[in-house]
Amino acid sequence: MNFRERKERLNYLLEMVKKGQCISLIQVAEKFNCCSKTIERMIIKLRKDGHNIKYCRKLERYKLIDKKISFIA
């Protein structure tokens with residue numbers, strides 16, 4: 001996989017997370033035709049790039065957490 005393909009896959013994975021379509025590493029790995037460890041490394045890369053991606057056990061999917069914190073006065 002070259003740099004361009006990797007960047008496209010990272011962007012596509014980020015879009016999947018934003019839209020709530022990233023349910024499990026295995027599901028995404030099947031879609032990308034790779035192993036789940038590769039998807040895990042891609043999520044780690046997105047986190048290092050500043051995206052706050054967390055796995056929500058309640059919703060059973062990865063989600064992007066907004067960094068804004070609101071306080072009630």
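Let me begin with the charged pairs: the count comes to 4 salt bridges, where a salt bridge is a side-chain nitrogen of Lys or Arg within 4 Å of a carboxyl oxygen of Asp or Glu. Before I go through some of them, please keep in mind that this is a predicted model, in which local features need pLDDT of at least 70 and side-chain atom pairs count only at pLDDT 80 or more, while totals for chains, interfaces and linings use all residues. Residues are numbered from 1 along each chain as its sequence is written, and side-chain values use heavy atoms, with hydrogens and water left out.

Among these salt bridges is the one between Glu8 and Arg4, whose closest N and O atoms are 3.4 Å apart. Both residues lie in helix α1, 4 residues apart, which is about one turn of the helix; helices here are DSSP runs of H or I with at least four residues, strands are runs of E with at least two, and both are numbered from the N terminus. Arg4 counts as exposed at 61% relative accessibility, whereas Glu8, at 44%, counts as partly exposed. For these words the cut-offs are under 20% relative accessible area for buried, over 50% for exposed, and partly exposed in between, with a 1.4 Å probe and protein chains only.

Helix α1 also holds Lys18 and Glu15, whose side chains meet in a salt bridge at 3.9 Å, N to O, and which, being 3 residues apart, are separated by about one helical turn. In helix α3, the side chains of Glu40 and Lys37 meet in a salt bridge at 3.8 Å, N to O, again with 3 residues and about one helical turn between them. As a general point, an α-helix has 3.6 residues a turn, so residues three or four places apart point the same way.

Which residues have the most contacts inside the largest nonpolar core? They are Leu13 and Ile39, in a core of 16 residues, a nonpolar core being a set of buried Ala, Val, Leu, Ile, Met, Phe, Trp, Tyr and Cys residues joined through side-chain atoms within 4.5 Å. Helices α1 (3-18), α2 (25-32) and α3 (36-48) each supply at least two residues of this core, and α1 gives the most, with 5 residues. Leaving aside residues up to four places away in sequence, Ile39 touches Leu13, Leu25, Val28, Ala29, Phe32 and Cys34, where contact means heavy atoms within 4.5 Å.

Just after α2, Asn33 takes a positive phi of about 55°.

Finally, the cysteines. The structure holds 0 disulfides, a disulfide being a pair of cysteine sulfur atoms within 2.5 Å. Cys34 is in no disulfide either, with the nearest cysteine sulfur, that of Cys35, 5.9 Å away. Cys22 is buried, with a relative accessible area of 0%, whereas Cys34 is partly exposed, at 24%.
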